[in-house]
Amino acid sequence: MHPYFSLQGRTALVTGGTRGIGKMIAKAFLEAGATVYVCARDGEACAQTAAELSAFGTCHGMAANLASEEGVQTLAAQLAEKIDCLDILVNNAGTTWGAPLESYPAKGWEKVMQLNVTSVFTCIQQLLPLLRKAGNAASPARVINIGSVAGITSHGEDAYAYGPSKAALHQLSRMLARELVGQHINVNVIAPGRFPSKMTQFIAQDEAAMAEDCALIPMQRWGREDEMAALAISLASTAGAFMTGTIIPIDGGFHL
Ligand SMILES: NC(=O)c1ccc[n+]([C@@H]2O[C@H](COP(=O)([O-])OP(=O)(O)OC[C@H]3O[C@@H](n4cnc5c(N)ncnc54)[C@H](OP(=O)(O)O)[C@@H]3O)[C@@H](O)[C@H]2O)c1
């Protein structure tokens with residue numbers, strides 16, 4: 001690993017790190033030398049993921065439900081008992097809800113907004129003391145929020161709350177980037193297009209749906225794990241030290 005991209009000695013938390021994009025990023029950080037905490041609601045999945053990823057470095061699993069302020073507060077308190085500072089926070093846990101326009105339920109809207117926007121705000125708020133201790137002028141602490149091209153383009157299928165939630169997350173990230181830059185905390189957004197995960201498996205498992213989906217993407221394919229890994233490492237390492245408030249699509253050109 002070139003020193004530009006080394007995360008040796010850094011500590012990271014990846015929310016929703018037990019599968020999909022979160023797991024890709026957790027593994028990448030471990031390979032780059034960081035100690036990584038992953039959290040999700042399913043405690044067994046946290047333990048299994050930590051055991052599996054321990055092949056690449058020091059990985060810990062923590063069960064946490066980020067769907068409430070109390071859940072986030074508990075996670076932050078538990079983390080503060082284990083570590084003195086947090087170099088990298090990846091707010092990746094997210095959800096979606098699809099339904100026809102006429103019957104789209106308010107509870108679906110609220111669930112998506114709560115996890116994709118409110119819980120990210122609370123995570124940053126509750127983990128600020130640990131982030132502040134990690135950052136300095138030469139190497140700021142990093143907050144990496146996982147947004148989506150759905151928050152940039154007008155394609156939304158029937159997931160009415162999802163795109164608006166990600167657009168809100170992008171804007172929150174820009175506001176916090178401005179506010180926290182003086183405290184040596186950088187805030188950036190990775191805005192993925194399609195990547196394989198549980199959230200997108202309903203398309204991947206349907207050959208016709210997959211072909212239709214790929215036809216909309218200028219590069220005609222979905223993103224790969226190594227591509228997500230490399231971008232996340234870049235933002236967490238030297239390249240990301242002079243970047244804040246950016247929203248980076250990684251989508252094969254879909255946002256165009
Ligand atoms: N895959 C894509 O193509 C794509 C594209 C654009 C953006 N994204 C974004 O990327 C992020 C990851 O998505 P993914 O596709 O990898 O999804 P995924 O496979 O469904 O993984 C979601 C992760 O979040 C955790 N999670 C869900 N609800 C939670 C809660 N209340 N508290 C704590 N953890 C929770 C899940 O574990 P538990 O169920 O055990 O809690 C899981 O680890 C999301 O923010 C998503 O919006 C994905």
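## Helix packing

Helix α1 and helix α8 (residues 225–236) pack with their axes 9 Å apart and at an angle of about 60°, the axes being lines fitted to C-alpha atoms over the stretch in contact and the angles running from 0 to 180 degrees between N-to-C directions. α1 is therefore oblique to α8, a class left for angles that are not under 35 degrees (roughly parallel), over 145 (roughly antiparallel) or 65 to 115 (roughly perpendicular). The crossing of α1 past α8 is right-handed, meaning that the near helix is turned clockwise from the far one by less than a right angle.

## Basis of the model

This is a predicted model, in which local features need pLDDT of at least 70 and side-chain atom pairs count only at pLDDT 80 or more, while totals for chains, interfaces and linings use all residues. Residues are numbered from 1 along each chain as its sequence is written, and side-chain values use heavy atoms, with hydrogens and water left out.

## Ligand shell

The ligand is surrounded by 29 residues, the closest being T18, R41, N92, Y162 and S197, where a residue counts if one of its heavy atoms lies within 4 Å. By class, this shell holds 12 nonpolar, 11 polar and six charged residues, and at least two of its residues come from each of α1 (20–31) and α5 (162–180).

## Polar contacts

Among the polar contacts (pairs of N or O atoms within 3.5 Å), a polar side-chain atom of S197 lies 2.4 Å from a ligand oxygen, and an N or O atom in the side chain of T18 is 2.7 Å from an oxygen atom of the ligand.

Key:
Polar contact = N/O pair within 3.5 Å; in protein donor to acceptor, adjacent residues only side chain to side chain. Helix = DSSP H or I, 4+ residues; strand = E, 2+ residues; numbered from the N terminus. Nonpolar A, V, L, I, M, F, W, Y, C, P; charged D, E, K, R; others polar.
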